[in-house]
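Colleague: I would like to learn how to read helix packing, pockets and cavities in a model. Please take me through some cases.

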Amino acid sequence: MLTETSSLSGQDSASNHATTLQCRLDDAIALAGSKLIGLQNPQGFWVFELEADCTISAEYILMMHFMDEINLELQAKIAVYLRSQQSQDGSYALYTGGDGDLSCTLKSYYALKMAGDTLDSVHLSKARQWILARGGAVKANVFTRITLAMFEQMPWRAVPFMPVEIMLLPKWFPFHLQKVSYWSRTVMVPLLILCTYKVKARNPHKIGVPELFLIPPEQEINYFSHVNTRLGKLILLLDQAGRFLEPFIPGSIRRKATAKARDWFMQRLNGDDGLGAIFTAMVNAYEAMDYLGIPADNPQRQICRDAIDRLLIIKVDSAYCQPCVSPVWDTGLVALTLQEISEYKSDLLMQQALANALRWLADKQLFDEPGDWRIKRPKLAGGGWAFQFGNSYYPDLDDTAVVAQVLLQSGNPAFAKNIQRAGNWIAGMQSKKGGYGAFDVDNTYDYLNQIPFADHGALLDPPTADVTGRCLMFLANSLSGHPEYQPVVARCLTYLREQQETNGAWYGRWGTNYIYGTWSVLTGLVSAGINNDDPSIRKAIVWLKAKQLGDGGWGESNDSYHHAPHVGKPDKSTPFHTALALLTLLIVGEKECASVEKGVSYLLKNQQADGFWPDEYFNAPGFPKFFYLKYHGYHKFFPLWALGRYRNQRYAAQYSNNVR
């Protein structure tokens with residue numbers, strides 16, 4: 001009798017626990033969902049802040065002094081932000097908790113000095129000591145050296161020889177614009193003009209940084225001592241030969257090349273969204289327009305400057321500059337999140353928010369607009385989406401796959417044309433080995449990363465596992481109506497199996513890092529019908545479970561891009577990584593495992609009063625090892641997405657409002 005009573009008591013306890021958990025899930029999801037909907041723009045989109053390291057904000061101040069267009073109030077606010085980001089040792093890191101970066105520290109130092117901070121201030125003294133201890137400004141990267149050369153702080157021989165005549169090179173030449181990534185093209189073309197003509201900054205207050213050199217820059221002879229490969233040394237010899245021959249270039253050839261560069265970037269100015277819709281390209285274009293004599297009242301020049309200023313985040317006491325904006329990406333992911341949580345319960349407000357988002361996304365699709373991708377695929381019809389509000393020359397595969405999946409899941413026949421055009425475009429943009437780059441096909445000229453100009457290591461846009469995983473997700477989910485995608489799907493699968501790491505994970509090119517990559521790929525594999533017992537999937541799941549921390553969460557630092565021992569070895573759980581891990585485990589049928597329960601508990605415990613989750617870490621690379629981003633929306637919607645999926649699977653028998 002005692003045993004029977006105990007058994008019944010245990011059943012009641014388990015039932016109460018399940019009821020309590022369900023109530024907590026309902027409350028957490030309802031709160032976060034309502035807050036998220038409240039952030040929607042009346043036009044239907046979401047756009048969250050996109051924060052980079054201090055380089056971009058420092059460059060904004062440098063631009064103001066370059067052009068002698070100094071807004072003192074704005075400069076003071078950016079200076080407040082820059083001071084707040086300095087590490088204890090005086091350096092500036094590329095991401096929260098990272099090691100100091102010389103070039104970022106140098107530009108931040110220079111910007112603060114321009115803003116009026118004195119040499120004897122504690123923060124500049126610490127930064128200066130840190131820079132000098134690492135060899136001084138001579139060790140800065142190429143883009144920083146170009147800035148210093150334009151401000152007459154460093155000789156032009158410290159900068160790789162990049163003449164504007166590059167614009168005239170034939171396609172078969174080892175270096176050609178179409179052989180580098182879209183971001184490299186848009187940054188490089190106006191920069192070729194600035195470098196060829198050795199354009200000088202106005203620098204009205206004549207502020208310099210001679211104190212950051214151990215040897216006077218004119219006496220320095222080791223500007224390229226870091227180049228140590230055979231190919232790199234050969235290119236340096238060609239660099240020297242080019243400098244020697246430059247005086248013999250006919251004036252007519254230089255004028256022709258300059259005109260071609262000018263026409264190239266002017267054609268792609270992209271209105272209010274700016275050249276390439278990225279800060280550095282916009283600034284280079286703005287400064288090149290000034291040098292070329294385009295007057296300040298010229299409408300295109302004014303729009304170019306306005307596009308730069310649209311990237312500013314100005315708060316009461318501080319300000320910073322974003323590298324770009326991410327409304328299509330943000331809106332697509334939020335829509336996927338709302339579709340997930342609405343499976344259980346969808347109210348009128350949520351339905352309206354989703355409808356507005358889908359309509360806005362559909363209107364942003366690119367069809368017959370010109371685009372650089374057409375050079376490789378001239379007969380392929382358009383159908384992609386850009387990352388930003390507008391970037392018609394540069395739609396990307398990642399956004400296209402996410403948005404197309406959202407429209408597909410909506411089940412709305414009104415989007416049939418959008419979905420078909422997207423699918424055909426994605427299928428047609430596959431690279432030879434089955435993978436997908438972000439913007440281009442087969443952008444795999446690896447030798448170009450050894451030229452001195454490419455010391456940032458991000459000149460190319462090769463296929464990656466994470467983008468391929470998302471393209472596979474959409475194509476596989478579209479197979480029932482498009483059997484012609486089957487060979488494309490098969491090539492994706494082959495590519496992804498080859499890309500799996502020995503530990504079972506996949507590298508994350510566009511999100512930090514192996515947890516992100518593994519989530520992206522497994523989402524694609526499962527969509528393609530790969531069984532949960534497949535060895536590749538099981539190996540990935542074993543790896544993922546092993547990375548769970550004691551508090552039930554997961555985390556991953558950007559250190560994993562730099563140091564092999566840090567791969568999958570977090571210091572602290574984050575809601576973002578915990579959400580990704582849960583989404584991954586749930587998609588392969590692990591809803592009842594202890595790891596999932598602990599992860600869900602972690603998210604429920606760490607939800608804040610505002611409905612969202614705390615997350616101070618940078619969560620994505622722009623360029624691994626060199627440039628990182630913090631998507632301010634990731635900790636708002638990814639945890640909500642994960643909780644929604646868990647509730648859908650855990651309590652599937654208790655509801656029937658399935659929208660898919």
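Colleague: In what kind of crossing, left-handed or right-handed, does helix 20 pass helix 22?

Modeller: Some ground rules come before the case. This is a predicted model, in which local features need pLDDT of at least 70, side-chain atom pairs count only at pLDDT 80 or more, and totals for chains, interfaces and linings use all residues. Residues are numbered from 1 along each chain as its sequence is written, and side-chain values use heavy atoms, with hydrogens and water left out. Helices (H or I, at least four residues) are DSSP runs, numbered from the N terminus. A crossing is left-handed if the near helix is turned anticlockwise from the far one by less than a right angle, and right-handed if clockwise. Helix 20 passes helix 22 in a left-handed crossing.

Colleague: At what angle do the axes of helix 20 and helix 22 cross?

Modeller: Two packed helices are described by the angle between their axes and the distance between the axes. Axes are lines fitted to C-alpha atoms, for helices over the stretch in contact, and angles run from 0 to 180 degrees between N-to-C directions. The axes of helix 20 (residues 575-587) and helix 22 (residues 634-650) cross at roughly 30 degrees and come within 8 Å. Helix 20 is therefore roughly parallel to helix 22. Angles under 35 degrees count as roughly parallel, over 145 as roughly antiparallel, 65 to 115 as roughly perpendicular and the rest as oblique. Contact means heavy atoms within 4.5 Å. Residues making this contact include Phe-576 and Leu-583 of helix 20, and Phe-638 and Trp-641 of helix 22. By class, the contact of helix 20 with helix 22 divides into 14 nonpolar residues, one polar and one charged. Ala, Val, Leu, Ile, Met, Phe, Trp, Tyr, Cys and Pro count as nonpolar, Asp, Glu, Lys and Arg as charged, and the others, Gly among them, as polar.

Colleague: Is helix 18 roughly parallel or roughly antiparallel to helix 19?

Modeller: Helix 18 (residues 514-527) packs on helix 19 (residues 535-546) at about 150 degrees, with the axes 11 Å apart. That angle makes helix 18 roughly antiparallel to helix 19. Their crossing is left-handed. Among the residues in contact are Leu-522 of helix 18 and Trp-543 of helix 19. This contact has ten nonpolar, one polar and no charged residues.

Colleague: How many cavities of 30 Å³ or more does a search of the whole structure find?

Modeller: On a 1 Å grid over the protein atoms alone, a cavity is a set of points where a 1.4 Å probe fits but cannot get out, and a pocket is an open set with protein on both sides within 12 Å along at least five of seven lines; lining residues have an atom within 4 Å of a point. Grid points are joined across faces, edges and corners, and a volume is the space filled by probe spheres set on the points. The search finds three such cavities. The largest cavity has a volume of about 40 Å³, and its lining includes Trp-373 and Arg-374.

Colleague: What is the volume of the second largest pocket?

Modeller: The second largest pocket has a volume of about 730 Å³. Of its 24 lining residues, the closest to the centre are Phe-161, Ile-166, Leu-169, Phe-173 and Leu-238. By class, the lining has 21 nonpolar, one polar and two charged residues.

Notes. Helix = DSSP H or I, 4+ residues; strand = E, 2+ residues; numbered from the N terminus.
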